[in-house]
Amino acid sequence: MRAYLAEFLSDPRVVKLPRLLWLPLLHAVVLPRRSKASAEKYASIWTNEGSPLAFHTREQARLLAAHTGTQVEYAMRYGKPAVSDALKKFGGTPTVVPLYPQYSESTTDSVADVLPAGVPRVEHFHDHPGYIA
């Protein structure tokens with residue numbers, strides 16, 4: 001939990017404070033206090049399949065691959081499986097689709113921050129008419 005929170009809360013798109021101020025505060029105060037409390041909250045929603053978000057994301061990827069007949073890999077922007085690890089599973093250049101249900105700089109745009117140059121991504125999934133319908 002601590003590693004996930006550190007990665008998430010260290011992202012300048014998530015916490016828009018000067019790094020010199022925020023990072024010492026994050027590591028000295030926030031992480032020691034929030035890690036245990038967050039772990040307890042996550043444990044209360046955990047299932048036999050693990051995290052509900054990870055389970056549903058895996059299932060969505062499986063169903064999309066079956067429906068389209070194409071290779072589909074899933075990744076998490078923060079945590080595991082990492083975007084870089086998922087990209088390594090492709091022989092060519094995949095198209096990345098951030099499946100957030102809405103646009104947010106701290107989610108949708110943060111995906112672009114971790115993509116290698118030249119990897120295309122769908123930028124407007126959240127407002128596609130088919131998704132909205």
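**View 1. Tyr78 is a buried residue**. The relative accessible area of Tyr78 is 10%, and buried means under 20%, exposed over 50% and partly exposed in between (1.4 Å probe, protein chains only). This is a predicted model, where local features need pLDDT of at least 70, side-chain atom pairs count only at pLDDT 80 or more, and totals for chains, interfaces and linings use all residues. Residues are numbered from 1 along each chain as its sequence is written, and side-chain values use heavy atoms, leaving out hydrogens and water.

**View 2. Tyr4 and Phe8 form a stacked aromatic pair**. Rings of Phe, Tyr and Trp (its six-membered ring) pair if their centres lie within 6.5 Å; planes under 30 degrees apart count as stacked, over 60 as edge-to-face and the rest as tilted. By this rule there are 3 aromatic pairs. In this one, the rings of Tyr4 and Phe8 lie 6.0 Å centre to centre, with 5° between the planes. Tyr4 is partly exposed at 28% relative accessibility, and Phe8 is partly exposed at 26%.

**View 3. Phe8 also meets Tyr78, edge-to-face**. Their ring centres are 5.0 Å apart and the planes stand at 80°. This pair links distant parts of the chain, 70 residues apart: Phe8 sits in helix 1, Tyr78 in the loop between helix 3 (52–68) and helix 4 (83–87). Helices here are DSSP runs (H or I, at least four residues), numbered from the N terminus. Together, Tyr4, Phe8 and Tyr78 make one aromatic cluster.

Conventions:
Helix = DSSP H or I, 4+ residues; strand = E, 2+ residues; numbered from the N terminus.
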